Amino acid sequence: MRKKITQGCVAFMVFLLASCTSLVEWTGRKLSGGPYQGGVTIDEAAGKLYYSQGFYRGWLEFTADYIAGEGIIAITEGALKREDTVIKGDEALGILQNRLDRINALTEWMAQSGYERDFAGQKDFETYWRALLLPETVSRTKRPASFPAEAATTPYVEGYRWNHAYTALLFPVDGSGGNANNAELAKMRDSGALLRDFDEAALWIYVQYKP
């Protein structure tokens, strides 16, 4: 009996591992039609960048014009999947280009913010900036000292209790921040767009920050 139970457990584990592998492999597809792998490939000679990334509720992939030292210039082809919907063609290009515009505004702010530093890699980059830009999503011990006490009336953003007072401190729109994009960045943070960009395209942000 024990032998049969053990064999059954082994068989179940093999099935589970195979299922997980299949899930990872088929989360997305490269534009070439091959299995999804994830990551960034840069062809500097051709001036092209190929990007593919899976996330919790889907995947995104695109081909872009690229210049060393400047980063991604324009999205030329792309597709994405959200939940059960695959988006291609002009609609996908519009969504991806809008995200590129948001990421450009963010990385320009990062470079001028006074918070910039060198990073060992993407994980280090994401950990540092997430705590600074999205402190509601990290533990209290990792939040910036400037993070104000949360009011009981604070609304929710993407399931997190959100602090709009911190948004005003981080992206002042009265001109004291010295960045013309502050109003747009504040809107991105309070709408959840910035959080979605980090959750779905952190690698893209890192690539554009460090072209």
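Helices here are DSSP runs of H or I with at least four residues, strands are DSSP runs of E with at least two, and both are numbered from the N terminus. With that settled, hello everyone, and let's start at Glu-200, which lies in helix 6. One note on the source: this is a predicted model, where local features need pLDDT of at least 70, side-chain atom pairs count only at pLDDT 80 or more, and totals for chains, interfaces and linings use all residues. Residues are numbered from 1 along each chain as its sequence is written, and side-chain values use heavy atoms, with hydrogens and water left out.

So, is Glu-200 buried or exposed? Its relative accessibility is 8%, so Glu-200 counts as buried; buried means under 20% relative accessible area, exposed over 50%, and partly exposed in between, with a 1.4 Å probe and protein chains only. Setting aside neighbours within four places in sequence, Glu-200 is in contact with Gln-53, Phe-55, Arg-57, Leu-60 and Arg-99, where contact means heavy atoms within 4.5 Å.

Two packed helices are described by the angle between their axes and the distance between the axes. Helix 5, residues 182-191, and helix 6, residues 193-209, have axes that come within 4 Å and cross at roughly 75°. Those axes are lines fitted to C-alpha atoms, for helices over the stretch in contact, and angles run from 0 to 180 degrees between N-to-C directions. The two helices are therefore roughly perpendicular; that label covers 65 to 115 degrees, with under 35 roughly parallel, over 145 roughly antiparallel and the rest oblique. Helix 5 brings Met-188, Arg-189 and Ser-191 to the contact, and helix 6 brings Ala-193, Leu-194, Arg-196 and Asp-197.

Next, the rings. How many aromatic pairs does a search of the whole structure find? The search finds 14, counting rings of Phe, Tyr and Trp (its six-membered ring) with centres within 6.5 Å; planes under 30 degrees apart are stacked, over 60 edge-to-face and the rest tilted. One of them is Phe-62 with Trp-204, a tilted pair at 4.5 Å centre to centre and 50° between the planes. Phe-62 sits in strand 3, residues 58-67, and Trp-204 in helix 6, so to speak a link between distant parts of the chain, 142 residues apart. Both Phe-62 and Trp-204 are buried.

Trp-129 and Tyr-209 make another pair, this one edge-to-face, with 6.3 Å between centres and 65° between planes. Trp-129 belongs to helix 3, residues 122-133, and Tyr-209 to helix 6, so this pair ties together parts 80 residues apart in sequence. Trp-129 is buried, with 0% relative accessibility. Both residues also belong to one aromatic cluster, along with Trp-109, Tyr-115, Phe-119, Phe-125, Tyr-128, Phe-171 and Tyr-206.

Stay with Tyr-209 for a moment. Beyond four places in sequence, its contacts are Thr-107, Met-110, Glu-116, Arg-117, Phe-119, Phe-125 and Trp-129. Arg-117 turns up again here: its charged end sits over the ring of Tyr-128, 4.9 Å from the centre (NZ of Lys or CZ of Arg within 6 Å of the ring centre and within 35 degrees of the ring normal).

Glu-83 is not a glycine, yet its phi is positive, near 55°; Glu-83 is in the loop between strand 4 (71-82) and strand 5 (85-87). Glu-158 also has a positive phi, about 50°, and is in the loop between strand 6 (156-157) and strand 7 (160-161). Glu-83 is partly exposed at 49% relative accessible area, and Glu-158 counts as partly exposed at 40%.
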